[in-house]
Amino acid sequence: MALLSKKDRGLILDPLADNNPITIQVLGICSALAITAQLKASIVMALSVVFVLAVGNVVISLMRNIIPSKIRIIVQLVVVAALVIIVDQVLKAFAYELSKTLSVFVGLIITNCIIMGRFEAFALGNGPYRSFLDGIGNAAGYGLILIIVGFFRELLGSGTLLGFKVLGDPIAKTGLYAIGYENNGFMLLSPMALIVVGIIIWVQRSRNKELIEEN
Amino acid sequence: MANTDKNSYTIIFAIVMVLVVGALLAFTASSLKPTITENERFEKQQNILYAMGVNENVEGAVNFIPANEVEAEFSKYIKEQLVIQNGEVKKDSSAYLIDLKGELSKDMSERKLPLFVGEKEGKDYYIIPLYGKGLWDAIWGFVALDADYVVQGVFFDHKGETPGLGANIKERYFMDDFTGEEIMNGTQYSGITVAKGNNDPLNERKDDGKVDAIAGATITGNGVTAMINSTVKLYIPYLKDIKL
């Protein structure tokens with residue numbers, strides 16, 4: 001890849017796997033549990049966070065030399081809050097149904113610790129281009145887990161993907177339902193999201209032993 | 001570079017930041033407002049039509065008429081929109097935009113009560129808007145009656161009831177139970193009660209004016225009872241005359 005140097009590539013790729021915000025740093029769990037019952041909501045949440053984190057990182061990075069250090073956390077909060085309000089308004093205008101499903105969780109992006117964490121740890125000390133890459137990378141790492149969890153919860157809980165009945169029709173008893181398969185309603189409840197995240201963590205750490213903490 | 005640690009710098013920075021961000025948000029909000037209002041209007045039409053059984057329900061999920069068709073369907077099924085004010089019944093083609101919350105807090109003489117008369121397959125429906133209080137916040141909805149005061153369908157929604165408990169008032173299994181219940185006991189207004197206890201959980205008895213409550217959502221259920229009883233009662237004196 002000539003476009004990105006090796007270091008820059010690491011900014012995007014590390015958070016996808018070995019430094020994933022959810023499975024390694026265990027940040028942003030709250031929203032990962034709450035909105036992943038449907039794949040569509042997961043995807044929109046992931047895209048919203050990509051937007052907020054990438055743009056927010058660039059804004060903070062551009063201002064990093066003029067932000068008074070005494071109020072830097074407040075400045076960061078104002079930037080996130082403003083971006084989140086914009087996302088919320090855009091969703092209400094162009095994806096109204098979806099904005100009702102996501103309801104308060106869009107607002108909760110403000111409190112997503114991944115975002116404040118990246119502002120504080122990365123954007124305040126790096127240039128806009130690298131901050132942009134870091135934002136994309138971390139938000140994508142978060143979104144990837146959200147989409148994996150949403151995929152399994154919707155598939156096993158409702159037998160659908162993005163609303164399409166991929167396993168057949170449970171009422172007309174076609175497809176898998178013809179041989180006695182039942183949807184697992186438990187998958188639609190938040191605790192199962194935690195269990196799915198746990199399984200992802202388990203799989204990831206057993207493939208890469210270096211990630212296992214000592215003691 | 002200016003000294004960013006100085007108090008005066010900090011204060012000026014904060015003021016400029018707030019002004020810039022405020023202007024940006026105000027601009028976004030006002031430029032998107034028309035689209036958002038339009039969406040809310042469609043949602044109201046969808047809810048009204050849902051109550052009278054014009055929806056795309058399959059299996060157990062609530063499915064409205066798609067937003068891009070709802071305007072046409074609304075004018076097709078709703079043949080009359082009425083406003084009741086001070087004992088008089090007037091026609092008003094934008095009655096569905098009336099904010100019931102605001103009206104209920106007004107004085108009796110100034111209060112405008114919207115009512116919708118729908119027709120589907122030759123049958124008349126009288127759709128009454130509802131507004132009340134759940135456990136945490138507002139609940140609202142619509143109830144559709146036929147000419148004999150039998151409930152033909154309801155729609156409930158809420159602002160912030162507990163997910164999994166009170167929030168389930170907008171689920172099919174709760175709303176569908178209302179269909180077939182009578183709000184009049186003879187000539188006496190009796191309303192509908194969301195009743196606790198093992199009261200006919202399959203809701204086979206339709207003449208008792210009771211539907212089975214959601215376990216763990218007592219206060220939301222009581223809110224639904226109170227909302228139906230207090231709001232529908234206001235309409236009872238007029239329903240007889242309105243029948244077309």
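Me: Which residues of helix α7 (residues 113-121) of chain A are buried?
Reply: This is a predicted model. A residue counts as buried if 20 or more other C-beta atoms lie within 10 Å of its own. In helix α7 of chain A, the residues that are buried are Ile114(A), Ile115(A), Arg118(A) and Phe119(A).

Me: Within what arc do the buried residues of α7(A) fall, seen down the helix axis?
Reply: An α-helix has 3.6 residues a turn, so residues three or four places apart point the same way. The buried residues of α7(A) line one face of the helix, because their arc is within 130°.

Me: Which helices do the buried residues of α7(A) pack against?
Reply: The partners belong to chain A. They are α3 (39-62), α4 and α8 (128-158).

Me: Which element gives the most to the largest nonpolar core?
Reply: The largest nonpolar core has 47 residues, and Ile127(B) and Phe142(B) are among those with the most contacts inside it. Elements of chain B that each supply at least two residues include α1 (7-51), β4 (123-133) and β5 (138-145). The one that gives the most, with six residues, is β5(B).

Me: How many residues of the side of chain A that touches chain B are nonpolar, polar and charged?
Reply: The contact joins 17 residues of chain A to 19 residues of chain B. Helix α4 (residues 72-94) of chain A gives the most to the chain A side, with nine residues. By type, that side divides into 12 nonpolar, three polar and two charged.

Methods. Residues numbered from 1 in each chain as written. Chains lettered and ligands numbered in written order. Predicted model: local features only at pLDDT ≥ 70, side-chain atom pairs only at ≥ 80, totals over all residues. Contact = placed C-beta atoms within 7 Å. Helix = DSSP H or I, 4+ residues; strand = E, 2+ residues; numbered from the N terminus. Nonpolar A, V, L, I, M, F, W, Y, C, P; charged D, E, K, R; others polar. Core = buried A, V, L, I, M, F, W, Y, C linked by C-beta atoms within 7 Å. Buried ≥ 20, exposed ≤ 12 C-beta atoms within 10 Å, placed from the backbone. Arc of directions from axis to C-beta.
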